[in-house]
Amino acid sequence: MVEAGSTAGRYEIGELLGTGAMAEVYKAHDPQIGRTGAIKILKDSLIDETEYLNRFLKEASAAGTLNHPNIVTVYDVGKINELPYILMELVGSETLADVLDRKEKLPYSTIIDIAMQISSALDCAHNSNIVHRDIKPENILYDSATNTIKIADFGIAKQEDSDLAERTQVGTIMGTPRYMSPEQARGETIDGRSDLFSLGVILYELLTGRKAFDGQSMATLTLQILQQDPPPLRDCAPNVPRGLQSIINGLLNKKVAKRFQNGRQVYDALAKEQRTLLDQQDEQNYLPMQVRWTAIMGAVVGLVMIISVVMVFNVQRKLLTDQAISAGVSLATFIASESAIHLLGEDWIGLETLTDEAFKRKSFAALTIVDLGSVVRSSTDKSLVGKPWATLSNDDLLVTRQDVSIYETGEGESSLYILDSPIHFNETRIGSIKLSVSQSPLANVMSVTRRVLLVLGFSVTLVVLFAAYFLNRLVARNVLLVTRTIRDYAGGNHRARISRSWKNEFGALANAFNTMAEQLQIESHAEKPAQVSSLSEVEETPEGEPSMATDATLSGPGADDMALEQAVGELDNDTSSGGDVLDQGSLNGDSLDEEPLEDATVIQIRPES
Ligand SMILES: Nc1ncnc2c1ncn2[C@@H]1O[C@H](COP(=O)(O)OP(=O)(O)O)[C@@H](O)[C@H]1O
Ligand SMILES: [Mg+2]
């Protein structure tokens with residue numbers, strides 16, 4: 001136990017960050033180089049347990065060879081008062097176990113993002129022949145602000161094929177049973193695919209909020225892991241995207257050969273799922289541009305069309321009305337001059353003949369001749385003759401032209417223009433004629449015009465709508481293609497390029513992106529020649545084979561590397577002379593107890609051979 005506020009070696013110890021089965025982790029500050037990290041110190045009580053010491057120092061050796069953004073970086077390793085410690089980078093203050101404890105539901109895209117980071121880190125470790133063997137929520141450090149994870153605690157990691165493994169019998173299995181793979185539970189030789197099973201168990205829990213294997217005793221839990229599939233996601237979390245469900249099922253396959261075979265495969269499948277999910281979210285967040293822009297275009301064109309139709313219609317009506325009135329005025333003045341002699345001579349028969357003759361030409365609806373005393377002297381309506389003329393209301397007066405007053409009466413079909421023209425003799429007014437002209441021919445022409453204009457306006461709007469839709473869809477598709485490629489690149493596929501070529505602005509955009517991607521790739525190669533850790537870089541090997549981190553070096557100052565080597569050397573001596581590994585019960589044997597399990601229980605199993 002170390003006191004917060006005390007110093008250990010050259011480190012100032014800060015708050016306790018977490019405790020595992022084997023060690024305590026504190027915040028630590030190195031005043032010499034002004035660096036703050038997390039110091040993991042073996043529990044006092046375990047100092048004499050060779051296996052723990054072994055395990056502890058091996059962690060530094062395993063994690064130290066890995067260089068990956070999602071694996072905790074080891075800075076330094078050594079001993080303070082005989083207690084071994086590992087100084088590593090300080091990561092957030094949470095683990096995925098805290099997230100699960102809070103029963104917090106993370107969005108699917110966040111969970112996929114976390115899963116992608118874990119599978120990328122595991123791929124890196126497995127490519128360096130390191131199997132973590134204890135992938136569980138407590139060992140995944142999580143920074144919720146950036147949604148970044150880092151895998152910690154390579155304490156029981158096994159370096160396959162290494163001399164160290166041979167000499168120290170690290171075939172011994174230690175791990176928390178709830179996240180263990182079936183082959184690990186059986187004590188068989190395991191490889192990276194076992195870690196992938198554990199990842200599946202974690203993801204199942206993140207997605208459903210329940211444990212994939214919830215047995216409360218070692219026996220039931222082991223049986224579940226070996227024989228039972230967890231309740232299907234399609235039943236207990238039906239909203240989880242189908243593709244994601246199938247990835248989890250692929251990870252949780254009990255048969256190693258049928259599982260995902262490496263972290264890369266898992267990462268690729270997750271990345272594809274993420275793209276689909278993000279595309280879907282985008283579509284829900286906004287109206288696609290072919291719909292929005294088409295609607296806007298339609299509204300604008302429709303409005304312009306309505307205004308145009310109304311304007312054209314009104315101008316047309318005005319012109320036609322003028323035309324009709326002018327024709328009426330000419331006719332009225334002509335009849336007025338013809339009737340003057342008859343009216344003056346009180347030749348009522350002559351007046352009547354004139355009226356009837358004019359009416360025969362059918363160019364007007366009615367004609368009435370009135371004398372100065374407003375008495376009807378002749379009319380196409382014989383019943384009016386001899387009666388006083390009912391004066392027209394001034395309200396109906398439309399316009400006056402060349403002494404002729406034009407009135408408008410009636411509605412719709414029966415509406416009329418009544419032209420009131422004075423009859424003069426030697427410039428003296430002697431009476432007037434009332435000529436009624438029907439408006440219905442005019443109304444017919446106007447209604448045809450209106451129909452033609454409306455059909456025209458509607459068809460133009462429709463054609464514009466179609467054209468706008470297809471053009472916008474074309475643009476939207478191109479934008480989507482570019483977006484997907486950029487997203488692909490951002491998701492780690494640094495080989496993603498826009499391969500379509502356009503001879504327009506999109507072509508320029510695609511060229512700009514491709515050039516930028518190429519440039520970034522060249523720069524990243526130039527900057528970190530020894531880093532082979534990230535998934536994207538593994539992809540770059542020409543043979544298409546994942547590259548091994550053969551030359552990977554420990555990060556941190558050279559002195560730290562030496563300290564690590566020395567410590568591991570000491571460990572070798574300790575364990576080769578120290579003898580037996582711990583054996584607290586074998587999953588293969590009969591000693592499965594029915595005691596309730598705590599998730600933090602660490603069990604150790606001896607391998608079959
Ligand atoms: N680098 C780190 N930064 C912050 N917290 C850490 C770090 N490493 C470990 N922890 C915290 O300490 C706990 C125990 O660390 P771990 O390495 O898993 O120890 P153990 O080997 O005993 O299981 C973790 O669950 C986590 O809460
Ligand atoms: Mg741990």
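Q: Which residues are closest to ligand 1, and what makes a residue count as near a molecule?
A: The closest are Gly-18, Gly-20, Val-25, Ala-38 and Asp-153, among 22 residues that surround ligand 1. A residue is near if its C-beta atom, placed from the backbone, lies within 6 Å of the molecule. This is a predicted model: local features need pLDDT of at least 70, side-chain atom pairs count only at pLDDT 80 or more, and totals for chains, interfaces and linings use all residues. Residues are numbered from 1 along each chain as its sequence is written, while chains are lettered from A and ligands numbered from 1 in the order in which they are written.

Q: Which strand gives the most to the shell around ligand 1?
A: Strand E2 does, with three residues. Strand E2 (11-19), strand E3 (23-30), E4 and strand E6 (83-89) each supply at least two. Strands are DSSP runs of E with at least two residues, helices are runs of H or I with at least four, and both are numbered from the N terminus. On these terms the protein chain has 16 helices and 19 strands.

Q: What makes a shell residue nonpolar, polar or charged?
A: Its residue type decides. Ala, Val, Leu, Ile, Met, Phe, Trp, Tyr, Cys and Pro count as nonpolar; Asp, Glu, Lys and Arg as charged; the others, Gly among them, as polar. The shell around ligand 1 has twelve nonpolar, six polar and four charged residues.

Q: Why is Glu-346 called exposed?
A: Glu-346 has 10, so Glu-346 is exposed. Glu-346 sits in the loop between helix H11 (289-344) and helix H12 (348-360). Its phi is near 50°, a positive value in a residue other than glycine.

Q: Why is Glu-427 called exposed?
A: Glu-427 has 5 other C-beta atoms within 10 Å, so the label holds. The loop between strand E17 (416-425) and strand E18 (428-438) holds Glu-427. Phi of Glu-427 is near 65°, again positive in a residue other than glycine.

Q: Why is Asp-44 called partly exposed?
A: Asp-44 has 13 other C-beta atoms within 10 Å, so it falls in between. Asp-44 lies in the loop between strand E4 (35-42) and helix H1 (50-64). Asp-44 and Leu-83 are 39 residues apart in sequence, but 7.3 Å apart in space, C-alpha to C-alpha.

Note on methods
Buried ≥ 20, exposed ≤ 12 C-beta atoms within 10 Å, placed from the backbone.
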